[in-house]
There are 2 protein chains.
Amino acid sequence: MNFDITVLGSNSALPTAQRFSSCHILNVRNKLFMVDCGEGTQIQLRKYKISFAKINHIFISHLHGDHVFGLPGMISSFDLLGRDHDVHIYAHADLKRIMDPYFAFFARQLNFKIVYHDINPSKHALVYNDRSLEVWTLPLNHSTPTCGFLFKEKPVSPNIRRDMVDFYKLGIKDIKLVKEGKDFVTPDGEIVANSRLTTQLHVPRSYAYCSDTAYAPLLPQLIKGIDLLYHEATFGLDLEKRAVQTKHSTTADAARVATEAGVKQLMIGHFSARYNKPETLLIETKQGFENTILAEDGLTLKL
Amino acid sequence: MNFDITVLGSNSALPTAQRFSSCHILNVRNKLFMVDCGEGTQIQLRKYKISFAKINHIFISHLHGDHVFGLPGMISSFDLLGRDHDVHIYAHADLKRIMDPYFAFFARQLNFKIVYHDINPSKHALVYNDRSLEVWTLPLNHSTPTCGFLFKEKPVSPNIRRDMVDFYKLGIKDIKLVKEGKDFVTPDGEIVANSRLTTQLHVPRSYAYCSDTAYAPLLPQLIKGIDLLYHEATFGLDLEKRAVQTKHSTTADAARVATEAGVKQLMIGHFSARYNKPETLLIETKQGFENTILAEDGLTLKL
């Protein structure tokens, strides 16, 4: 049961030859979710052999070009590849207003629908919900309405141990209660702990994508203890002023959020084009939060 | 005095990991001209170290996504890079109608103007003219109004040989006439050929970009004897039917145009994503026109 994050772009707005602009792909039990869609995303999908057809949900953090300019190419290619199932786009309402005439001109007579889901980036709200996953918006602090996204896997029902069913002679009602997490009480009044009766397959996993944003004081409480936080670190400490002006984060801001939220791992990205080698940004961030890694185009993390 | 063509994208509509979509850069005496602007063009500019600031004129062959989806990123990056001089876009009038609201949303308060020049793709007309270059539209035969572009360098005034000026005692009026190409007649009636008096620096060069198109019967007469013809060959002979359906060219179509026009060299491109290695397309084309090369991302031809 995979829960894999693949980075397709780790760069900020100005292009570089080394890094594409923002896009992550989350694979939850073989369903693919896209977060942001910078220019060239479809090229990266090809490069890293990711299925276009399995992408049904696209989440857009905000309406700056480096997070959306890949969308028209995606829609066109969906069409050219014969797509016949809907694609859902979760974004600020302006996206539909601005993009729809553009899509309509360049990709006419689609055999699928583009279903828009308007989100309010200033609210923390559930915007997607299925059997295995919840997606929540995370209000951020940027120069245009922006939100991050929290992907929370749902618990899987535990497997009941066959030997325990036989040993304690569990009936259908008992099994149902154990599956719901209850302990079992024998006719003699002995309490058998749920953990003795079941095999936990896995612990639900969680991942948050937070870009673009200055330090957002209310963010840490919304992402307490998650497995992986992707947080932008557009600038190093050398350009703190520039970060403030443009409402981006420094390495220290990213480390601070990770620390305050007590996340298990931090991945920084959205690097300014001036950092040819973002290793310096990694060193800085680690001073505030040790378990940090650099986003890199093509990197896949399996949680 | 350079006249260099650099290929930034040699692929057709569906993305591949190997090739970007259509864009050529022509460098004429250090002025850069862009032809088409597929998704990822700005990434390719970075990769091949081409100046954004020197690009002032962008010619768009037609309004299919793989020829224009790089424009919004270019305009945004022009802005982020501090551009303060206008950019001229030559395209079908629909481009302005469709793109302008999009540009206006994603790149507000520009310090430069986007100057649109409406072109009629069905006419052969002069659309750009400066001291060193003329650009002519070339009507093509595609599923939407489409034209190619013919770039014709102008002759450079010949340099007059200093020793001849002294020897024949040429006055200012004589020099002017010789610069205009006239022979000189001495007071004794001796005719001195212009070629003896001058040093020809170079022969004017010419290049045509023709994509996308099915075989266009009127095209060869418009590009007679040019130095370089870029002609699409989206499909090989194995997919002739598909070429007819989609109004694209096969390798044989491209060779036929090159032969009928008597061009010096043919470059084929706009390859369908199904051709991982377009060498087979080259072999086929050479059967009809020997002096053919393959377009390849990053290739620069110096004419």
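A crossing counts as left-handed if the near helix is turned anticlockwise from the far one by less than a right angle, and as right-handed if clockwise.

**Conventions.** I am working from a predicted model, where local features need pLDDT of at least 70, side-chain atom pairs count only at pLDDT 80 or more, and totals for chains, interfaces and linings use all residues. Residues are numbered from 1 along each chain as its sequence is written, with chains lettered from A and ligands numbered from 1 in the order in which they are written.

Entry 1: I took helices (H or I, at least four residues) and strands (E, at least two) as DSSP runs, numbered from the N terminus. H4 (residues 94–106) of chain A packs on H4 (residues 94–106) of chain B at about 150 degrees, axes 10 Å apart. Axes are lines fitted to C-alpha atoms, for helices over the stretch in contact; angles run from 0 to 180 degrees between N-to-C directions. So H4(A) is roughly antiparallel to H4(B) (the term covers angles over 145 degrees; under 35 is roughly parallel, 65 to 115 roughly perpendicular, the rest oblique). H4(A) passes H4(B) in a left-handed crossing.

I then looked up who meets whom. Ile98(A), Pro101(A), Tyr102(A) and Phe105(A) meet Ile98(B), Pro101(B), Tyr102(B) and Phe105(B). Contact means C-beta atoms, placed from the backbone, within 7 Å. By class I found 8 nonpolar residues, no polar and no charged. Nonpolar covers Ala, Val, Leu, Ile, Met, Phe, Trp, Tyr, Cys and Pro; charged covers Asp, Glu, Lys and Arg; the others, Gly among them, are polar.

**Entry 2: the whole interface.** I found 24 residues of chain A in contact with 24 of chain B. On the chain A side, H1 (41–47), H3 (71–80) and H4 each supply at least two residues. That side divides into 14 nonpolar, 7 polar and 3 charged.

**Entry 3: a sheet in chain B.** I traced 7 strands in an open, mixed sheet, ordered E7-E8-E9-E14-E15-E16-E17. Strands pair if DSSP finds at least two bridges between them. E7 (126–129) and E17 (292–294) of chain B each have a single partner strand, so one side of each lacks a neighbour in the sheet. E8 (residues 133–139) and E9 (residues 147–153) of chain B run antiparallel, joined by 7 bridges.

**Entry 4: Phe271(A).** I placed Phe271(A) in the loop between E16 (265–269) and H11 (279–288) of chain A. Phe271(A) is buried, with 24 other C-beta atoms within 10 Å (20 or more is buried, 12 or fewer exposed, in between partly exposed; C-beta atoms are placed from the backbone).

Terms used. Two residues are in contact if their C-beta atoms, placed from the backbone, lie within 7 Å.
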